[in-house]
Amino acid sequence: MEIAVDLLATVDEDHGSVGSQLKAGRERLGLSLSDIAAKTRVPTRHLESIEQSDFDALPGQTYTLGFARSYANAVEMDAAAISEAMRWELARSGHEGYQAPAQNYEPADPARVPSKTLAWTSAAIAAVALAAYLIFRSLTLTNAAPAEKPVTSPISVKPAATAPIAPLPANSADPAQQSTDNAEQI
């Protein structure tokens, strides 16, 4: 915690800004902005804006703080102390973060609400339309032709009567002779 207090004092008095602190750390390690951009995946234009304290060019306070923390980690500085110093610098420069405007609830203008007459007229028209539809449907269902019944043939086919067959004589062994004998008997 002592480091954070010292860093805040250092930022304000000696070096002037968090961006200049980060730039000094980068130069101490012999890194370029493109090296830091590759390490942190923060676009080079945002890193330049942080070094120059051009907070209007940055996307917002949350992103700016995150970018500064990543930058501090990349140059082996205390990220928490840099984040606190950046938060203080943002507040001092008037970039305290996005404040959503307070929205007051305003009831609807009574003059813009439809009248009761319009509401009742709309309901009556809807009821008449529904009744007309139901009547139309009931008439079309009752006037439909009844399903046809299967047609039955008026002619009835009965099996023909068969004549009784005479018994065969017991001594006859020839089947051809038997059929001739049967034919004569009929």
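Why does His46 count as buried? His46 has 9% relative accessibility and so counts as buried, the cut-off being under 20% relative accessible area with a 1.4 Å probe and protein chains only. The model is predicted, with local features needing pLDDT of at least 70 and side-chain atom pairs counting only at pLDDT 80 or more, while totals for chains, interfaces and linings use all residues. Residues are numbered from 1 along each chain as its sequence is written, and side-chain values use heavy atoms, with hydrogens and water left out.

**Helix H4**
- His46 lies in helix H4, residues 44–51; helices are DSSP runs of H or I with at least four residues, numbered from the N terminus.
- Beyond its neighbours within four places in sequence, His46 contacts (heavy atoms within 4.5 Å) Ala57, Leu58, Pro59 and Phe67.
- Glu51 is also placed in H4 and counts as buried because its relative accessibility is 12%.
- The Glu51 side chain forms a polar contact of 2.9 Å with the side chain of Arg26; such a contact is a pair of N or O atoms within 3.5 Å, one able to donate a hydrogen and the other to accept it within protein, and residues adjacent in sequence count only if both atoms are side-chain atoms.
- Residues up to four places away in sequence aside, Glu51 touches Gly19, Ser20, Lys23, Arg26, Leu33 and Tyr71.

**Helices H5 and H6**
- The axes of H5 (residues 61–74) and H6 (residues 79–92) come within 9 Å and cross at roughly 145°; axes are lines fitted to C-alpha atoms over the stretch in contact, with angles from 0 to 180 degrees between N-to-C directions.
- Residues making this contact include Leu65 and Ala68 of H5 and Ile82 and Met86 of H6.

Methods. Helices (H or I, at least four residues) and strands (E, at least two) are DSSP runs, numbered from the N terminus. Buried means under 20% relative accessible area, exposed over 50%, partly exposed in between (1.4 Å probe, protein chains only).
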